[in-house]
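Trainee: I have not looked at this one before. Can we go through it together?
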Amino acid sequence: MRYLCLIYDNEKAWEKMPKEEADAVFGEYFTFTEGIKASGQHLGGEALQPTQAATTVRVRNGKVATTDGPFAETKEQLGGYYLIDARDLNDAIQVAAKIPSARYGSVEVRPIMEFTSM
Amino acid sequence: MTGPEGSDTARERIEQVYRSDSRRVLATLIRLLGDFDLAEEAMQDSFVAAIDRWPVDGVPANPRTWLVSTGRFKAIDRLRRRATFDATLAPVLRRVDRSIEQPEFDDDKLEDDRLRLIFTCCHPALGRDAQIALTLREVCGLTTEEIAHAFLTPAPTLAQRIVRAKAKIRDANIPYQVPTLADLPERLDSVLHVIYLVFNEGYSASSGSTVVRHDLSTEAITLGRLLVDLLPEPEAEGLLALMLLHDARRAARMPADGELVLLDDQDRTLWNRPQIDEGRELVEDSLRSRRVGPYALQAAIAAVHANALTASETDWPQIAGLYDVLMRVEATPVVELNRAVAIAMRDGPAAGLAQIDAILARGELHEYHLAHSARADLLRRLGRTHEAVVAYERAIALNTQEPERRFLARRLSELRTA
């Protein structure tokens with residue numbers, strides 16, 4: 001089964017973080033990514049640009065409405081994602097818990113909608 | 001099979017098997033069918049079939065196995081009929097068909113299924129309310145209406161909660177498994193927490209006019225026993241002991257007039273001694289394991305109270321000592337408050353009051369009625385009447401339980417007339 005792990009971080013904390021510290025976390029991310037690539041659970045994943053670059057799209061009554069910014073104002077913002085292959089939710093939670101940001105922010109785990117051909 | 005029996009005897013036997021085994025049958029059917037709703041229907045179908053067949057064919061040698069295997073075939077029938085109209089059911093049908101080829105299930109496996117069911121219903125990916133509702137529904141077999149009534153929740157809200165929880169289990173693919181050893185502590189915590197919440201809801205309802213909603217406490221104790229049977233972990237024993245020891249005081253705590261009686265003033269001859277003995281043995285077992293957790297420690301404290309034939313014989317130094325240990329395992333403000341009360345009993349009200357004031361000064365427990373009622377009691381004993389009155393008023397304002405409010409109001413009026 002495929003799961004999307006959405007990584008929520010505090011962007012301001014990232015901006016203020018000293019370079020050595022940020023490099024250390026990037027290093028952790030690199031190690032984590034190599035790890036799940038090696039285990040075959042990595043299906044995809046990207047870091048996202050900060051929320052200033054985000055646009056939220058909604059369609060209401062057939063009309064497209066675009067607004068500046070992420071979907072909600074919260075302390076944490078979507079910062080990246082991994083698309084992973086996991087046996088079940090327990091397995092997915094174990095992988096998500098290893099994402100470095102799980103310790104500072106949150107990771108939302110969303111099962112992927114699988115469309116079966118009729 | 002035994003020979004054909006009178007239909008009355010067979011019917012009685014079916015009712016008996018329903019009471020003792022329907023949850024086991026359900027737990028196994030969920031594993032075989034991979035779906036809660038399908039398993040529930042199959043379980044009901046299998047009992048309908050039993051009503052049909054057992055009076056004629058006799059009661060099978062192993063009724064449980066008969067019910068599981070009948071339920072499985074009934075589920076396949078249902079799926080085949082539905083698959084004719086709904087192509088998306090084809091994969092489900094294939095999976096269930098494959099399950100037919102699985103080796104026959106033995107009784108050990110069936111007990112594993114009950115544990116799988118408990119852990120799945122209490123999975124941390126479900127909301128706490130959903131865990132409680134699902135556990136009472138699926139593990140204890142309470143009806144949606146019974147659960148709604150016990151939790152003072154509208155039945156449609158509760159039904160919706162259960163439907164959503166089942167959908168989450170299905171859609172997010174929460175596995176029907178007993179957790180691995182690495183996950184066990186966190187997952188067991190979740191199960192114990194659900195059982196304890198059910199117990200507390202029964203023992204001291206969070207709102208409403210009856211302090212003891214007996215049925216929920218009884219269900220929680222039954223769940224606790226089941227868990228200890230299936231997984232004799234020290235904390236499972238500790239929780240069962242804690243519930244038994246508290247529940248043993250029920251008759252003395254809440255006599256017929258509906259007025260709450262505090263531990264100090266209880267008629268201890270009304271305590272249920274056999275239940276206390278059982279609780280004490282479990283605490284001792286749990287403590288011997290050398291893996292002492294918060295439930296076992298709280299049970300040990302309750303056991304020390306139970307040892308005292310009168311309130312004045314209570315071994316407060318030992319209780320205060322147990323709270324010191326509990327603070328090391330689970331340093332919460334509520335534990336600290338209870339420790340302060342024990343210290344007040346050991347070293348005098350001034351010592352306890354200093355501890356409570358220190359907690360409040362940190363900005364904690366301001367909204368917790370028990371902090372204010374404990375403080376009020378200590379101030380009263382110190383003769384600081386005016387401050388005691390203010391603290392009692394605060395405690396009453398924060399308390400939502402009618403009998404407890406009446407108790408505090410009595411104390412308050414005694415102070416005012418003194």
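Predicted model: local features only at pLDDT ≥ 70, side-chain atom pairs only at ≥ 80, totals over all residues.
Mentor: Start where the chains meet: the contact takes seven residues from chain A and eight residues from chain B. Two residues are in contact if their C-beta atoms, placed from the backbone, lie within 7 Å.

Trainee: How do the residues on the side of chain A that touches chain B divide?
Mentor: They are four nonpolar, two polar and one charged. Here Ala, Val, Leu, Ile, Met, Phe, Trp, Tyr, Cys and Pro count as nonpolar, Asp, Glu, Lys and Arg as charged, and the others, Gly among them, as polar.

Trainee: How many helices and strands does chain A have?
Mentor: Chain A has three helices and six strands, in the order β-α-α-β-β-β-β-α-β from the N terminus. Helices (H or I, at least four residues) and strands (E, at least two) are DSSP runs, numbered from the N terminus.

Trainee: And chain B?
Mentor: Chain B has 20 helices and zero strands. Its C-alpha atoms fill a box of roughly 80 × 45 × 40 Å along the principal axes.

Trainee: What percentage of chain B is buried?
Mentor: Buried residues are 39% of its 418; in chain A, 18% of the 118 residues count as buried. A residue is buried if 20 or more other C-beta atoms lie within 10 Å of its own, exposed if 12 or fewer, and partly exposed in between, with C-beta atoms placed from the backbone.

Trainee: Which domains does the assignment give for chain B?
Mentor: Domain 1 (7–105), domain 2 (107–231) and domain 3 (234–250 + 267–303); such bounds come from an automatic or database domain assignment. The contact between domain 1 and domain 2 of chain B takes 13 residues from each. On the domain 1 side, α1 (7–33) and α2 (36–57) of chain B each supply at least two residues, and α1(B) gives the largest share, eight residues.

Trainee: Pick a residue in α2 of chain B.
Mentor: Phe47(B) lies in that helix. Phe47(B) counts as buried because 20 other C-beta atoms lie within 10 Å. Leaving out residues up to four places away in sequence, Phe47(B) touches Ile14(B), Tyr18(B) and Leu67(B).

Trainee: How many residues are in the largest nonpolar core?
Mentor: It has 121 residues, and those with the most contacts inside it are Cys5(A), Leu29(B), Leu245(B) and Ala299(B). A nonpolar core is a set of buried Ala, Val, Leu, Ile, Met, Phe, Trp, Tyr and Cys residues joined through C-beta atoms within 7 Å. Helix α14 (residues 294–307) of chain B supplies the largest share of this core, 10 residues.

Trainee: Last topic: why is α18(B) described as largely enclosed?
Mentor: Because 10 of its 13 residues are buried, α18(B) is largely enclosed by the rest of the structure. The buried ones include His372(B), Arg375(B) and Asp377(B).

Trainee: What covers them?
Mentor: The cover of the buried residues of α18(B) includes α16 (333–347), α17 (349–361), α19 (385–398) and α20 (402–417) of chain B. Just after α18(B), Gly383(B) takes a positive phi of about 75°.

Technical notes. Residues numbered from 1 in each chain as written. Chains lettered and ligands numbered in written order.
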